[in-house]
Amino acid sequence: MIWFLAVLKKYAIFDGRAGRKEYWYFALFSFLFAFLFAFVSAFFNNLNLYYIFVLSIIIPSIAAGVRRRHDVNKSGWYIFIPIYNLILHCTPG
């Protein structure tokens with residue numbers, strides 16, 4: 001949870017580096033929270049809560065992805081190459 005909040009504190013900072021631990025914990029908690037919000041929203045038959053969460057997490061997740069690429073000494077523009085991203089996410093910084 002600490003890593004999720006650390007990424008949210010750097011909401012739109014595209015400079016610097018993000019290690020594997022920071023990126024993957026952020027991805028894990030984002031997935032869990034999205035699943036929770038989707039479940040609660042579906043229970044109340046109103047998906048607005050889920051949509052608000054997804055829209056609010058887009059910029060931090062892009063920023064964390066760009067910082068992760070900087071950690072492996074690549075440009076942030078590599079975020080647009082889908083298959084290569086998985087390789088970059090798993091390599092040590």
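Visitor: At what angle do helix H2 and helix H3 pack, and how far apart are their axes?
Guide: Helix H2 (residues 20–43) and helix H3 (residues 48–71) pack at about 170°, with axes 10 Å apart. Axes are lines fitted to C-alpha atoms, for helices over the stretch in contact, and angles run from 0 to 180 degrees between N-to-C directions. H2 is therefore roughly antiparallel to H3; angles under 35 degrees count as roughly parallel, over 145 as roughly antiparallel, 65 to 115 as roughly perpendicular and the rest as oblique.

Visitor: What kinds of residue make up the contact of H2 with H3?
Guide: They divide into 13 nonpolar, four polar and four charged. Among them are Phe-26, Phe-33 and Phe-37 of H2 and Phe-53, Ile-57 and Pro-60 of H3. Contact means heavy atoms within 4.5 Å. Ala, Val, Leu, Ile, Met, Phe, Trp, Tyr, Cys and Pro count as nonpolar, Asp, Glu, Lys and Arg as charged, and the others, Gly among them, as polar.

Visitor: Back up a bit. What sort of model is this?
Guide: This is a predicted model, where local features need pLDDT of at least 70 and side-chain atom pairs count only at pLDDT 80 or more, while totals for chains, interfaces and linings use all residues. Residues are numbered from 1 along each chain as its sequence is written, and side-chain values use heavy atoms, with hydrogens and water left out.

Visitor: How many helices and strands in the protein chain?
Guide: Four helices and zero strands, in the order α-α-α-α. Helices (H or I, at least four residues) and strands (E, at least two) are DSSP runs, numbered from the N terminus. The C-alpha atoms fill a box of roughly 45 × 25 × 20 Å along the principal axes.

Visitor: And how do H1 and H2 cross?
Guide: Their axes come within 8 Å and cross at roughly 95°, so H1 and H2 are roughly perpendicular. Trp-3, Phe-4, Val-7 and Leu-8 in H1 meet H2 residues including Tyr-25 and Phe-29.

Visitor: Salt bridges: how many in the whole structure?
Guide: Four, where a salt bridge is a side-chain nitrogen of Lys or Arg within 4 Å of a carboxyl oxygen of Asp or Glu. The side chains of Glu-22 and Lys-10 meet in a salt bridge at 3.6 Å, N to O. Glu-22 lies in helix H2 and Lys-10 in the loop between helix H1 (2–9) and H2, 12 residues apart.
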